[in-house]
Amino acid sequence: MTGDGDVLHWTDGHLGRIRLNRPRALNAVSSAMVEEVSAALARFDADDRVRAVALDGAGERGLCAGADVRSIRAGALDGSADPVAFWEREYALIRSLLTPATPLVAFMDGIVMGAGVGLSAYAGLRLVTGRTRLAMPETGIGLFPDVGTLFPLSRAPGEIGTHLAMTGEVATGADAIALGLADALVPASIWDDVCARLAGGAAVAQVRAELVSAEPSEPSEPSEPSEPAALSEPSEPGAAAPLLEATWIGECYRGEDPVAIRDRLRSHPHPGARAAAEVLDTRSPLSVAVALAALRRAAHTRGVEGVIERDLRIARALMDRPDFNEGVRALLVDKDRAPRWEHADLAEVDPALVAGIVGP
């Protein structure tokens with residue numbers, strides 16, 4: 001087993017193993033970790049013995065809570081690191097996962113957010129469990145759902161992707177499959193068996209076919225993953241019921257006007273809709289508007305690669321605005337949960353500003 005401590009990687013028979021190893025920080029990904037994962041993947045690609053790579057996270061709480069935004073903010077404030085350089089390296093890693101030389105298998109147990117979604121959502125086999133809580137909660141810290149996830153979210157049924165992108169709310173493992181972000185819902189205990197089979201030489205396609213064709217069921221795993229240590233913390237309503245059953249989502253999230261969407265949520269009789277409106281009011285108004293506009297653009301973008309290219313443009317633009325530093329301060333540094341956003345309300349966000357950030 002090798003690695004710098006925050007990323008462990010080793011070879012087990014025909015299987016390469018990568019484990020994110022910052023359990024106290026819910027495996028939040030730093031710039032050094034991005035480089036280490038990239039280097040490990042390159043080494044496995046060059047090893048003829050390795051036929052698959054398995055990705056998981058250390059600890060009991062989840063795969064990954066996202067990027068280490070606290071450190072990114074600190075580097076930006078003291079001038080020691082360019083935050084855009086982190087996004088460039090992270091996005092380069094995600095792009096490499098779109099057409100990997102060696103198939104990747106991801107264990108999406110527990111909390112899977114932000115960068116954790118990016119590292120797993122494009123794998124050849126994506127396994128979720130009854131404990132999976134997946135989210136892109138970046139609007140809560142002045143960012144937007146990135147790492148290419150707006151491509152699948154823009155194609156999700158019934159405007160579910162719009163709801164998740166704007167609010168950052170939680171999707172369960174079953175929801176993740178419906179969204180196209182995962183393949184099979186399995187008991188967490190099966191992971192060791194899956195890795196053993198792959199180490200013995202079983203093909204990823206064969207294992208995937210067996211697990212995907214198995215009768216779906218929600219495993220009985222009553223323990224909840226702990227609260228995320230990075231990015232924004234999703235609130236409870238989004239995890240309460242399968243999103244496909246929430247008809248109010250399709251009724252409220254249509255169109256390209258974020259203010260109209262928020263107003264429909266506020267006036268809808270379903271308590272879930274009104275709760276979503278309350279969540280939106282806690283998010284960065286600029287980020288919410290940018291997330292919606294970028295999502296609508298992604299619906300007409302040919303592939304994930306094109307969405308990631310736009311992601312970098314948006315990330316650069318948002319780094320010139322104050323909401324990222326303020327959002328991370330309020331959530332993770334001072335923890336007062338009282339961010340002073342650049343705009344006091346969605347209605348104050350100029351659509352021309354949003355269009356300039358998102359681009360064509």
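# Close-up views

**View 1. The largest nonpolar core has 95 residues.** Those with the most contacts inside this core are Ile18, Leu20, Trp87, Leu150, Tyr253 and Leu265. A nonpolar core here is a set of buried Ala, Val, Leu, Ile, Met, Phe, Trp, Tyr and Cys residues joined through side-chain atoms within 4.5 Å. Buried means under 20% relative accessible area, exposed means over 50%, and partly exposed is in between (1.4 Å probe, protein chains only). Helix H13 (residues 285–298) gives the largest share of the core, nine residues. Another core, of 18 residues, lies apart from it, with Val105, Val194, Cys195 and Val207 among its members. Helices (H or I, at least four residues) and strands (E, at least two) are DSSP runs, numbered from the N terminus.

Before moving on, keep in mind that this is a predicted model, where local features need pLDDT of at least 70 and side-chain atom pairs count only at pLDDT 80 or more, while totals for chains, interfaces and linings use all residues. Residues are numbered from 1 along each chain as its sequence is written, and side-chain values use heavy atoms, with hydrogens and water left out.

View 2. Look for Trp191, Val194, Cys195, Leu198 and Ala199, which are buried in H8. (The arc is that of the directions from the helix axis to the C-beta atoms.) What do the buried residues of H8 pack against? Their partners are strand E1 (7–12), strand E2 (15–20), E3, E5, E7 and H9. Contact, in all these views, means heavy atoms within 4.5 Å. Just after H8 comes Gly201, with a positive phi of about 110°.

**View 3. Helix H9 (residues 204–213) has a buried face.** Val204, Val207 and Leu211 are the buried residues of H9. Seen down the helix axis, they fall within an arc of 70°, so they line one face of H9. Check the other side of H9 and you'll find Ala205 and Ser213, both exposed. The cover over the buried residues of H9 includes strand E3 (52–57), strand E5 (104–108), strand E7 (125–128), strand E10 (184–185) and helix H8.

**View 4. Helices H3 (residues 83–98) and H14 (residues 304–319) pack at an angle of about 170°.** Their axes are 10 Å apart. Axes are lines fitted to C-alpha atoms, for helices over the stretch in contact, and angles run from 0 to 180 degrees between N-to-C directions. H3 and H14 are therefore roughly antiparallel to each other. (Under 35 degrees counts as roughly parallel, over 145 as roughly antiparallel, 65 to 115 as roughly perpendicular and the rest as oblique.) From H3, the residues that meet H14 are Pro83, Val84, Trp87, Glu88, Tyr91, Ile94, Arg95 and Leu98. H14 brings Val304, Glu305, Ile308, Asp311, Leu312, Ala315, Arg316 and Met319 to the meeting. Sort the residues of this contact by class and you get 11 nonpolar, no polar and five charged. (Ala, Val, Leu, Ile, Met, Phe, Trp, Tyr, Cys and Pro count as nonpolar, Asp, Glu, Lys and Arg as charged, and the others, Gly among them, as polar.)

**View 5. H14 also meets helix H16 (residues 351–358).** Here the axes come within 8 Å and cross at roughly 125°, so H14 and H16 are oblique to each other. Which residues make the contact? They are Arg310, Arg313, Ile314, Ala317 and Leu318 of H14, with Gly356, Ile357 and Val358 of H16. By class, that contact has five nonpolar, one polar and two charged residues.

**View 6. Ala121 is a buried residue in a loop.** The loop runs between helix H4 (115–120) and E7. Ala121 counts as buried because its relative accessible area is 4%. Leaving aside residues up to four places away in sequence, Ala121 touches Arg126 and Leu181.

**View 7. Asn27 and Glu159 each have a positive phi without being glycine.** Asn27, with phi near 60°, is in the loop between E2 and helix H1 (31–46). Is Asn27 buried or exposed? At a relative accessible area of 0%, Asn27 is buried. Glu159 has phi near 65° and is in the loop between helix H5 (150–154) and helix H6 (160–167). With 23% relative accessibility, Glu159 counts as partly exposed.

Terms used: Arc of directions from axis to C-beta.
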